[in-house]
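Please keep the sequence and the 3D view open while reading.

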Amino acid sequence: MTYARREVTLSGRLLGRWPGDGHIAPLAGFPVNLSSYPGDFGVATTRADGTFSGPLHLDDAGSVYAYYSYDNDHIGYLSGNSAELPVGITPASARATVTANRAKVKAGEKVTLTGQLTWRSPDGWRPFANKQFGVLFCYAESACPWSDYPTTDAEGRYQIEVTPFQTGFYRIGVNSGDPFIASPSAQTGVITVLQPASFSSFFATRTEDGTGVSVSGRMQFSPFSPQTAMVDIQYSPDGKAPWTTVRVVETNWSYEFSTTIPSAQSGFWRASFTSRPDFYQTAVSAKVKVV
């Protein structure tokens, strides 16, 4: 069946078996009920040779069958029914589109989703107008912990603002409400969400013998945190770009770090953090002058 054709024709033959010799003969002029699961009905009458044919309107896919039920006009005949036959639906095509205006954001920043929901009627494409649809945020194919249910406009279009809380993608879909129309869905590409990272402290001092610089500090992460972090210790003679990475150190589990760098030069020192892979925001400490 299709959106434009929601009727099937049931054809068959009603036969009776006589007691005694057991011979089989057609039954003429008998009412045959046409039925389906989930519950559409029709009636046909057998011809002289016991054959019958009749239309049956269906509101959904299911199974159809014919049966004769005992009635007072045909005393002495028991009931009988045919085998069930499956009837499927080829739904009208439908499509969903969704576009995110940003592929990378910092945690807390908004992303705008735009798109349209349409279906193909016998007369051409039509919108799912003023139709509620679902929006899921997923960080894996089967892990979608956030949802919302906005509504399209008269042209089936929508524009909504969302705030992804971690890296993932948005999936949108609509239930057509009609088994003869497909229920489309679509999803964005992955949106990278950079989680907060910062330096809560940074110190740089000249060593007692004057031949080195001792640096130390601490990072902080929230709400996601790594086991440890790699920190670039950087130097600039005048405190301006370009900054030169002199050493890379790893924090402990409390995100504290310290090291001593051989250097008798005066200048500015700072710590820098760049997420690897692209998960956290870039962080730079305050710069400290050491003479």
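A103 touches V190, I191 and T192, not counting residues up to four places away in sequence, where contact means heavy atoms within 4.5 Å. The model is a predicted one, in which local features need pLDDT of at least 70 and side-chain atom pairs count only at pLDDT 80 or more, while totals for chains, interfaces and linings use all residues. Residues are numbered from 1 along each chain as its sequence is written, and side-chain values use heavy atoms, with hydrogens and water left out.

A103 itself sits in the loop between strand 11 (99-100) and strand 12 (104-106), strands being DSSP runs of E with at least two residues, numbered from the N terminus. The C-alpha atoms of A103 and R6 are separated by 44 Å, and the two residues are 97 residues apart along the chain.

F224 belongs to another loop, the one between strand 22 (212-221) and strand 23 (230-236). Setting aside residues up to four places away in sequence, F224 touches F165, Q166, Q195, F279 and Y280. From C-alpha to C-alpha, F224 and A182 are 40 Å apart in space, and they are 42 residues apart in sequence.

S285 is placed in the loop between strand 27 (283-284) and strand 28 (288-290). With residues up to four places away in sequence not counted, S285 touches F199, F202, R270 and A271.

Buried means under 20% relative accessible area, exposed over 50%, and partly exposed in between, with a 1.4 Å probe and protein chains only.

| Residue | Relative accessible area and class |
|---|---|
| A103 | 52%, exposed |
| F224 | 28%, partly exposed |
| S285 | 10%, buried |
| C138 | 0%, buried |
| C144 | 26%, partly exposed |

C138 and C144 form a disulfide, with their sulfur atoms 2.0 Å apart, a disulfide being a pair of cysteine sulfur atoms within 2.5 Å. The torsion about the S-S bond of C138 and C144 is about 100°, so this disulfide is right-handed. By this rule the count comes to 1 disulfide.

The largest pocket has a volume of about 280 Å³. On a 1 Å grid over the protein atoms alone, a pocket is an open set of points where a 1.4 Å probe fits, with protein on both sides within 12 Å along at least five of seven lines, and lining residues have an atom within 4 Å of a point. Its lining has 18 residues, of which F52, A66, Y67, N81 and S82 lie nearest its centre. At least two residues of that lining come from each of strand 1 (7-13), strand 7 (62-68) and strand 8 (80-81).

The second largest pocket has a volume of about 230 Å³. Of the 13 residues that line the second largest pocket, G16, R17, L27, Y77 and L78 are the closest to its centre. Strand 2 (residues 15-17) gives the most to this lining, with 3 residues.

Notes
Points joined across faces, edges and corners; volume = space filled by probe spheres on them. Helix = DSSP H or I, 4+ residues; strand = E, 2+ residues; numbered from the N terminus.
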